[in-house]
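Subject: Structure handover and findings

Hello,

Here is the structure I promised to pass on.

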Amino acid sequence: MNAVHNPMGLKLALALSWLSRARGVNLQSVVADRVHTDSRSLRAGDLFVALRGERFDGNQFIAQAKAQGAVAVVRLCRPAKRNALNDGLIEALRDVFQNLPPEAGAAVVHGEGDHFCAGLDLSELKERDAGEGIHHSRSWHVALNAIEQGRVPVVAALHGAVVGGGLELASASHIRVAEESTFYALPEGTRGIFVGGGGSVRIPKLIGAASMTDMMLTGRVYNAQDGERLGFAQYLVPAGTALQKAIELATRIATNAPLTNFALMHALPRIAEQPADHGFFTEALISSIAQSAPEAKARVRAFLEGKAAKVQKAG
């Protein structure tokens, strides 16, 4: 079926691509449909989605032989715009993460070219009244919530600019791997605007409200080393290796019990914000649910029978 003439466009094309387990799908036909029907600014090739495997040979990712526990790789493909986000791309990200295939146990998001994402595409910024602005911001919230509060953990591979909306996108992921070229900034304050993609909620949880305030008031830019110490990224890696490291981590994550991954994504952040007595009770509930799953019982049994590896000191 041609997605160009299909009003379901993106969702149908994604479903077909996942079902066929294609090694990669360029959303050109989907993009054409969205541009034709919704007058959005997403263009052919702006987003690339692939159901990838667990081995990396230095040049390309080799499709995983077994689909279960596969890693979905999502690449921003607007290098000429430093992967700046427009409304069409935000909608595509929303639909991708709301429709990940059941085989995917984790996902990776990264950017093509020299930068991860330089934020909002200001060349397409429209004048909006207050009501329109609220709805526009909320559409970003829905899209990035699909990443943070979706079905599988998401690892972001960062390099170059992680600025404004790009930092909001990165902060919606669960693990961030940064190359030495990475730099972080929130220029909205100096441009007379405010964050609108959930940054005021997520970023202070990473670096604290005071540091975010400093960045927005002064235009302060953090390099990769300082950003890692501050809490923007959990891993700092050499140039050209963030994607490989992100795939390795996502592949490892995909082998975890799905219910445990889901609890870490959805329960842990809520427990952290609860009063202590509420948190203890929620923890007890989630712990009992997780350990009652058949897969959890099988894993514990394997460990007790000496069939599972023991934790070793890091090298």
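The protein chain has 12 helices and 12 strands. Helices (H or I, at least four residues) and strands (E, at least two) are DSSP runs, numbered from the N terminus. This is a predicted model, where local features need pLDDT of at least 70 and side-chain atom pairs count only at pLDDT 80 or more, while totals for chains, interfaces and linings use all residues. Residues are numbered from 1 along each chain as its sequence is written, and side-chain values use heavy atoms, with hydrogens and water left out.

**Overall**

Of the 315 residues in the protein chain, 46% are buried. Buried means under 20% relative accessible area, exposed means over 50%, and partly exposed is in between (1.4 Å probe, protein chains only). The chain exposes about 16100 Å². Carbon and sulfur atoms supply 56% of that area. Accessible areas come from the Shrake-Rupley method with a 1.4 Å probe; for residues, only the protein chains shown count as cover.

Take the contacts between residues at least 6 apart in sequence: 71% of them join residues at least 24 apart. Contact here means heavy atoms within 4.5 Å.

**Cysteines**

How many disulfides does the structure hold? It holds zero. A disulfide would be a pair of cysteine sulfur atoms within 2.5 Å. C77 is buried, at 11% relative accessible area. C117 is also buried, at 0%.

**Two helix pairs**

Two packed helices are described by the angle between their axes and the distance between the axes. Axes are lines fitted to C-alpha atoms, for helices over the stretch in contact, and angles run from 0 to 180 degrees between N-to-C directions.

Start with helix α3 (residues 87-98) and helix α4 (residues 130-148). They pack at an angle of about 35°, with their axes 8 Å apart. The contact uses D87, I90, R94, F97 and Q98 from α3. From α4 come H136, S139, W140, V142, A143, A146 and I147. By class, that gives seven nonpolar, three polar and two charged residues. Ala, Val, Leu, Ile, Met, Phe, Trp, Tyr, Cys and Pro count as nonpolar, Asp, Glu, Lys and Arg as charged, and the others, Gly among them, as polar.

Next, helix α6 (residues 199-207) and helix α7 (residues 209-218). Their axes come within 7 Å and cross at roughly 120°. α6 brings G199, S200, I203, P204 and I207 to the contact. α7 brings A209, S211, M212 and M215. The classes are six nonpolar, three polar and no charged.

**The loop between β5 and α3**

R78 lies in the loop between β5 (70-76) and α3. Is R78 buried or exposed? R78 counts as buried, because its relative accessibility is 6%. Leaving aside neighbours within four places in sequence, R78 is in contact with D46, N83, A84, L85, N86, L89, D121 and E124.

Most residues other than glycine have a negative phi. Phi of R82 is near 55°, a positive value. Phi of N83 is near 60°, also positive. R82 counts as partly exposed, at 37% relative accessibility. N83 is buried, at 0%.

A118 sits in the loop between β6 (104-111) and α4. A118 is buried at 17% relative accessibility. Beyond its neighbours within four places in sequence, A118 is in contact with R82, N83, A161 and V163. The C-alpha atoms of A118 and P79 are separated by 9.9 Å, and these residues are 39 apart along the chain.

H110 is in strand β6. H110 is buried, with 9% relative accessible area. Its C-alpha atom is 6.6 Å from that of L158, 48 residues apart along the chain. Neighbours within four places aside, H110 is in contact with V73, V74, R75, L76, F116, A157 and L243.

E188 lies in the loop between β10 (183-185) and α6. E188 is buried, again with 9% relative accessible area. Not counting residues up to four places away in sequence, E188 touches G164, G165, I193, F194, V195 and M216.

Best wishes
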